[in-house]
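This report describes one protein, going from its overall make-up to single residues. Please keep the sequence and the structure in view while reading.

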Amino acid sequence: MTAVARPPWWSRLLQAVPGRRTADTLPVRDQVQITPQRNTSLAGFDRALVLVTVGLLALGLVMVYSASIALPDNPKFANYSPTYFLARQALFIGIGSVVALIALQVPVSAWERWAPWLFVFSLATLVLVLVPFIGKGVNGARRWIPLGVMSFQPSELAKLAIAMYAASYMVRKMDVKENFMQAVWPMAVALAVIGLLLLAEPDMGAFLVIAMIALGILFLGGVNGRMFALGVAVLAGAFALMIILSPWRAQRIFAYLDPWNPLYAQGKAYQLTHSLIAFGRGEIFGQGLGASVEKLHYLPEAHTDFLLAVIGEELGFVGVATVIVLFFWLTRRLFAIGRQAIALDRVFAGLLCQGIGIWVGTQAFINMGVNLGVLPTKGLTLPLMSYGGSAILMNLVALALVVRVDIENRALMRGGRA
């Protein structure tokens, strides 16, 4: 009879521990099947991206309140309370957050299917805003559609729509992107239609941002370099022609080049000169929160287009530098998530994220450049910070889509499914 080998003493001791299961008591399988995750978990998301977004929203809310608290002293705003713009901005952030959370639940594949239809819808709203008794005009520009609680600005929707459409377009035209007529011409026609509608409002600043988004996605999508250079040259020529043929746009350029000239200081360069005065008063650490003088009816649109000037006066160079660093980090992170998606063979998701990065980065750069006197005056707000319902809403929805892309990227890298 062959003796049965007994397990070592330490193995017998562990088996005697109540509830302890060892390899001797577990079934052994040659192959282990890992079941892919069927649902994308919201637990894995970019917390730093969300925190930076919340930080910019919070700082913007405080600065909108500071910049608008004295507006009721102006007869134009005599019926408003000192907290009117603060309450409205908080309402916009609340509505935008709810819509963003809803958008976060939608898979990116669904947005890819809806991209052409969303683009068509945005074109319809751009036409609708020009219809009398529907579109709302302010200071000679017809850019808003009243919706009761807030006025909707179709150009903000068009920025997200062009990012989605361009990303979807590049995926569909991936095999013909070396052919100019097949790859670039249809996109150029779509961009021209949007441009004509925006210039009819007029809103040249929004058209500039939309053109940058479209061209950037075409370039990142792999369009031939010569074609891209030709597109940039045509677009630059179109902008130059618009400036030459429009006397009031030409005056803005002259005022930007020489803002302290008596011919412009009290006219086209009035906002720029007072913005520069605000930055000069701020110095390194600022005059203190709420201590701005320029917001006291000297600097027009202080709570919208020139919010950064109030930040510079009250929080100084330190405050302005902090805002610039946060926007730089945010833009860089959007591009990083896009590159990660493309590496996972999710081209639409990657180009969409990078298009949103171009949107946020370009608009922030233009707004900061205008406030600092580096660029000519444009009617563009500072993303996530300036007062405005449509801008806040669409900024939050766009960033929610990026967070969704990041969540699906993480799920794929864990072996699950997007």
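## A bent helix

The bend at a residue is the angle between two axes, one fitted to the seven residues ending there and the other to the seven starting there. In this predicted model, helix H4 bends by about 50° at Trp114. Helix H4 covers residues 108–128, which is 21 residues. At 1.5 Å a residue, H4 should span 30 Å, and its end C-alpha atoms are 28 Å apart, which agrees.

Which residues of H4 are buried? They are Val108, Ala110, Trp111, Ala115, Leu118, Phe119, Ser122, Leu123, Thr125 and Leu126. The cover over these buried residues includes helices H3 (84–104), H5 (154–172), H7 (185–199), H14 (347–372) and H15 (389–413), together with strand S2 (141–146).

## The whole protein

The protein has 15 helices and 3 strands. It consists of 418 residues, of which 47% count as buried. Among contacts with a separation of 6 or more, 71% are between residues 24 or more positions apart.

The protein exposes about 20,800 Å², and carbon and sulfur atoms supply 66% of that area. Val318 belongs to helix H13, which runs over residues 307–343. The relative accessibility of Val318 is 37%, so Val318 counts as partly exposed.

## Helix H2

Helix H2 takes in residues 47–68, 22 residues in total. From its first C-alpha to its last, H2 reaches 31 Å, close to the 32 Å expected at 1.5 Å a residue.

The buried residues of H2 are Leu49, Val52, Thr53, Leu56, Leu57, Gly60, Met63, Val64, Ser66, Ala67 and Ser68. They pack against H3, H13 and H15.

## Residues in two loops

Ala302 sits in the loop between helix H12 (270–282) and H13. Is Ala302 buried or exposed? Ala302 counts as buried because its relative accessibility is 4%, and the cut-off for buried is under 20%. Leaving out residues up to four places away in sequence, Ala302 touches Ala67, Leu307 and Val310. Ala67 is also one of the buried residues of H2. Ala302 and Gln271 are 31 residues apart along the chain, and their C-alpha atoms are separated by 9.2 Å.

The loop between H14 and H15 holds Thr377 and Thr381. Thr377 has 16% relative accessibility and so counts as buried; Thr381, at 16%, counts as buried too. Apart from neighbours within four places in sequence, Thr377 is in contact with Arg252, Gln271 and Val370. With residues up to four places away again left out, Thr381 touches Thr304, Asp305, Gln363, Asn367, Ser386, Tyr387 and Ala391. Thr381 and Leu307 are 74 residues apart in sequence, yet 8.3 Å apart in space from C-alpha to C-alpha.

## Salt bridges

How many salt bridges does a search of the whole structure find? The search finds 8. One of them joins Glu314 to Lys295, with the closest N and O atoms 3.1 Å apart. Glu314 lies in helix H13 and Lys295 in the loop between H12 and H13, so this pair ties together parts that are 19 residues apart in sequence. Glu314 is buried, with a relative accessible area of 0%, and Lys295 counts as buried at 5% relative accessibility.

Glu408 forms a salt bridge with Arg346, where the closest N and O atoms are 2.3 Å apart. This pair links distant parts of the chain, with Glu408 in helix H15 and Arg346 in the loop between H13 and H14, 62 residues apart. Both Glu408 and Arg346 are buried.

A further salt bridge brings together the side chains of Arg410 and Asp406, at 2.7 Å from N to O. Both residues lie in helix H15, 4 residues apart, about one turn of the helix. Arg410 is partly exposed, with a relative accessible area of 27%, whereas Asp406 counts as buried at 1% relative accessibility. Arg410 and Asp406 are also linked with Asp46 and Arg333 in a network of salt bridges.

How values were computed
Residues are numbered from 1 along each chain as its sequence is written. This is a predicted model: local features need pLDDT of at least 70, side-chain atom pairs count only at pLDDT 80 or more; totals for chains, interfaces and linings use all residues. Side-chain values use heavy atoms; hydrogens and water are left out. Buried means under 20% relative accessible area, exposed over 50%, partly exposed in between (1.4 Å probe, protein chains only). Contact means heavy atoms within 4.5 Å. The expected span of a helix is 1.5 Å times one less than its number of residues. Accessible areas come from the Shrake-Rupley method with a 1.4 Å probe; for residues, only the protein chains shown count as cover. A salt bridge is a side-chain nitrogen of Lys or Arg within 4 Å of a carboxyl oxygen of Asp or Glu.
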